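Subject: Structure handover and notes

Hello,

Please find the structure we talked about below. My notes come after it.

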Amino acid sequence: ARGQEARRMSVPESSNGSPTELLASGFRRADVVRLVTQCLHSLGYERAASELVDESGVQCWPEPVSRFRAALLHGEWGAADALITNLHLPDPASRRVRFLVHRQHYLERLEAHDAAGALACLRERLAPLEQPHVALPPPDGCAAIAAAGGGDGKSGNGGVTVAGREAAPSAMTRCGAGGGGSGDRSGDGDLGGARLGGSVQELSTYLLCRSVEELKARSGWDGGGGASRRLLLDELQEHIPPSLLLPENRLETLLQQAVRWQTLHAPPLTPDDVSPSLFEDVSFRHDGLPREASLVLEGHADEVWCVAFSHSGAALASASRDGAIVLWEATNPQFARRALIPAHSGAIASVAWSPDDTLLLSCAADRTVKLWNAPAGDCAATFREHTEAVTAVVWLPSGAHFLSSSSAGKRVILWDLGGNALQSWHGPRVTDLAVAADGARLLAVSGCT
């Protein structure tokens, strides 16, 4: 692995175009090559990745970053610390990167039962990076995850070995206690992240864990042999420019984003069970369009101008130029007719179900708005305030008020169910209305001013 890292640091000039060349897509050739090389590494094709570097002359990571990354993955903490200087990061970022690197170093020392090494890392590496300094336990008062009995981190009676004596578990600060572990990196004083420990004070409490298992459980850390070093690279990405430290699995992330964008912007009639493919775009499926009528409802004597399903979907109301409303049983496969209502003396322009589906509003060219008891189809109230044909009605979310509009009359009226016109607006010709679900906004459709 180290030979491959070294091989990437010394590569010939490419005969396939300059790395700074812009491709037809507008992307730099070198950037695309870096993404492909990284993807080959992540898929385990190390030889193919090395050959691509040799042929293209483009390294996946700049030399200092490549060496820094290799040092992290191999647990060479002193080398990693020395290489941070070569990254030429601004001071706040450099300090945070060092803190995160040595936090991993500290946790791995604890995992290895090296309490002295962990305490040295805490005092000599981590503490100087944090301001203000916090009081640390003296060298002769450290607690170790290493007990004399078999290296399992437990003492003979279930306590912790502290400078050669036993301390009762109940007398100790529990692992994970203390502040600073919020993961908020907004200030310079907070150098760490999440549960692993954001401050030296919190990290010092991990010295009191009675076993490696407790350390991992309290900190949320999976150990040096787990994914923690890879996760450290992800966390360092916040402080190292992506042009230097390429985000892990960047090409796969871009592919996922592209598929997700296409899926989100696919037409609504695209079947939900279509699996996205990398070989074709998520596109409109013509077989999702209805091509044949499954049922034709007949019952009006003239043109049908509007239809509306109840909110529950159990009923359908249709209204016509003939002034009639027909209520249909939508739960019946044949949509059996429930009621035929001779509602208005003029063409009906709009119908609207109340939020609880018990009432139905209608408005028409006869200048009236009518309220109907939906189950029986009898008229509960007639509202006469408009002086021209009424073109739209809409309920407010409470179900206690509604709005009506008259296009020719250039008027919108707010009503209560008692027939009182509570407020009126004069303005443009409004042909349709809609109210937001929270009742905070009213949308009016106008053909002209």
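Predicted model: local features only at pLDDT ≥ 70, side-chain atom pairs only at ≥ 80, totals over all residues.

Residues are numbered from 1 along each chain as its sequence is written, and side-chain values use heavy atoms, with hydrogens and water left out.

Salt bridges

The whole structure contains 15 salt bridges, a salt bridge being a side-chain nitrogen of Lys or Arg within 4 Å of a carboxyl oxygen of Asp or Glu. One of them pairs Glu 248 with Arg 69, with 3.5 Å between the closest N and O atoms. This pair links distant parts of the chain, 179 residues apart: Glu 248 sits in the loop between helix H10 (228–236) and helix H11 (250–264), and Arg 69 in helix H4 (residues 63–73). Helices here are DSSP runs of H or I with at least four residues, strands are runs of E with at least two, and both are numbered from the N terminus. Glu 248 and Arg 69 are both buried, where buried means under 20% relative accessible area, exposed over 50%, and partly exposed in between (1.4 Å probe, protein chains only).

Asp 81 and Arg 98 form another salt bridge, with the closest N and O atoms 3.1 Å apart. Asp 81 belongs to helix H5 (residues 77–84) and Arg 98 to helix H6 (residues 91–111), so the pair ties together parts that are 17 residues apart in sequence. Asp 81 and Arg 98 are buried.

A salt bridge also joins the side chains of Arg 109 and Asp 114, at 3.0 Å from N to O. Arg 109 is partly exposed at 28% relative accessibility, and Asp 114 is partly exposed at 25%. Elsewhere, salt bridges that share partners connect Arg 69, Arg 230 and Glu 248 in one network.

Helix H6

H6 has 21 residues and spans 30 Å from its first C-alpha to its last, close to the expected 30 Å; the expected span is 1.5 Å times one less than the number of residues. Of its 21 residues, 17 are buried, so H6 is largely enclosed by the rest of the structure. His 113, which follows H6, has a positive phi near 65 degrees.

Glu 51

Glu 51 is in helix H3 (residues 46–56) and is partly exposed, with a relative accessible area of 44%. Glu 51 and Thr 37 are 14 residues apart in sequence, and their C-alpha atoms are 9.4 Å apart.

Strands

Four strands make an open sheet in the order E7-E8-E9-E10, with antiparallel pairing; two strands pair if DSSP finds at least two bridges between them. E7 (348–353) and E10 (378–383) are at the edges with a single partner strand each, so one side of each has no neighbour in the sheet. Strand E9 (residues 369–373) pairs with E10 over five bridges, in the antiparallel sense. Within this pairing, Leu 371 has Ala 381 in E10 as its bridge partner.

Strands E15 (residues 430–435) and E16 (residues 442–446) run antiparallel and are joined by five bridges. Ala 434 has Leu 443 in E16 as its bridge partner. Six residues lie between the strands of this hairpin, and Gly 439 takes a positive phi near 75 degrees.

Regards
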